[in-house]
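We'll go from stop to stop, and at each one you get something to select and something to look for.

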Amino acid sequence: MSDFDLDLRTVEEHIDEEIDIEGSIILGMLDGTTPPEEWLEAISKGNVLVLNVDGDVNELASGFARDIKESGGNLVHFRGFLLVTPPGVDVSTDRL
């Protein structure tokens with residue numbers, strides 16, 4: 001048998017820890033009617049935005065995109081939708 005050192009007490013201590021996940025997935029329209037500050041506030045609270053883009057995505061997202069990127073968040077335009085995530089939430093595009 002191999003010499004395998006596993007500290008089960010340490011593992012058990014972490015099993016009972018509550019995972020603190022904040023935020024929701026917010027579905028919305030990116031059509032220029034919602035002020036950029038509202039999108040920024042939603043992201044700052046840990047929410048993920050899935051926005052149906054109605055118009056030019058670069059123009060419509062210009063009011064908040066730079067702030068999201070600078071804070072460590074992500075913006076991904078995919079099939080007419082803009083996915084916006086807060087810092088720490090990545091969007092994997094590996095399967096595209």
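Here is a walk through this model, from the whole chain down to single residues.

**Stop 1: the whole chain**

Before you click on anything, keep in mind that this is a predicted model. Follow the colours along and the elements come in the order α-β-α-β-α-α-β-β.

The accessible surface of the protein chain is about 7,500 Å², and carbon and sulfur atoms account for 49% of that. How much of the chain is buried? Of the 96 residues, 25% are buried. As for how the chain folds back on itself, take the contacts between residues at least 6 apart in sequence: 44% of them join residues at least 24 apart.

**Stop 2: the sheet**

Hide the helices for a moment and look at the strands. In what order do the four strands sit in the sheet? They form an open sheet in the order β1-β2-β4-β3, with mixed pairing. Select β1 (25-30) and then β3: these two stand at the edges with a single partner strand each, so one side of each has no neighbour in the sheet. Turn the view to look along the sheet and you can follow its twist, which averages 20 degrees from one strand to the next.

Next, pick out two of the pairings:

- β3 and β4 run antiparallel and are joined by five bridges.
- β2 and β4 are also paired in the antiparallel sense, over four bridges.

To see who faces whom, select F78, whose bridge partner in β4 is F81. Then try V76, which stands opposite L83 in β4. Over in the other pairing, L49 stands opposite V84 in β4.

Bring the helices back. The helix α2 packs on the sheet and touches β1, β2 and β4. The direction of α2 makes about 150 degrees with that of β2.

**Stop 3**

Nonpolar side chains in soluble globular proteins tend to be buried together. To see this model's version, select L30, L49, L51, F64, L82 and V84 and show their side chains: they have the most contacts inside the largest nonpolar core, which has 15 residues. The elements giving two or more residues to this core are α2 (36-44), β2 (48-53), α3 (57-61) and β4 (81-85).

Keep L30 selected and show what surrounds it. Setting aside residues up to four places away in sequence, L30 touches a list of residues that includes W39, L51, L60, F64 and L82.

**Stop 4**

Head to the loop between β3 and β4, where you'll find R79. Is R79 buried or exposed? Its relative accessibility is 72%, so R79 counts as exposed, the cut-off being over 50%.

Now check the backbone here. Most residues other than glycine have a negative phi. R79 is not a glycine, yet its phi is positive, about 50 degrees. The hairpin of β3 and β4 that holds R79 has two residues between the strands.

**Stop 5: H77**

Step back into strand β3 and select H77. With 46% relative accessibility, H77 counts as partly exposed. Beyond residues up to four places away in sequence, H77 touches V53, V57 and L82.

**Stop 6**

N74 lies in strand β3 (residues 74-78), while T85 is in strand β4. T85 is buried, with a relative accessible area of 3%.

What does the side chain of N74 reach? Draw the distance to the backbone oxygen of V89, which comes out at 2.9 Å. Then turn to T85: a polar atom of its side chain lies 2.7 Å from the backbone oxygen of V89.

Finally, show the surroundings of both residues, leaving out neighbours within four places in sequence. N74 is in contact with several residues, among them I68, L83, T85 and V91. T85 touches I43, V48, I68, G73, N74 and V91.

Terms used
Residues numbered from 1 in each chain as written. Predicted model: local features only at pLDDT ≥ 70, side-chain atom pairs only at ≥ 80, totals over all residues. Heavy atoms only, no water. Polar contact = N/O pair within 3.5 Å; in protein donor to acceptor, adjacent residues only side chain to side chain. Contact = heavy atoms within 4.5 Å. Core = buried A, V, L, I, M, F, W, Y, C linked by side-chain atoms within 4.5 Å. Buried < 20%, exposed > 50% of the residue type's maximum accessible area, 1.4 Å probe, protein only. Areas by Shrake-Rupley, 256 points an atom, 1.4 Å probe, with all protein chains shown as cover. Pairing = 2+ DSSP bridges. Axes fitted to C-alpha atoms, helices over the stretch in contact; angles between N-to-C directions.
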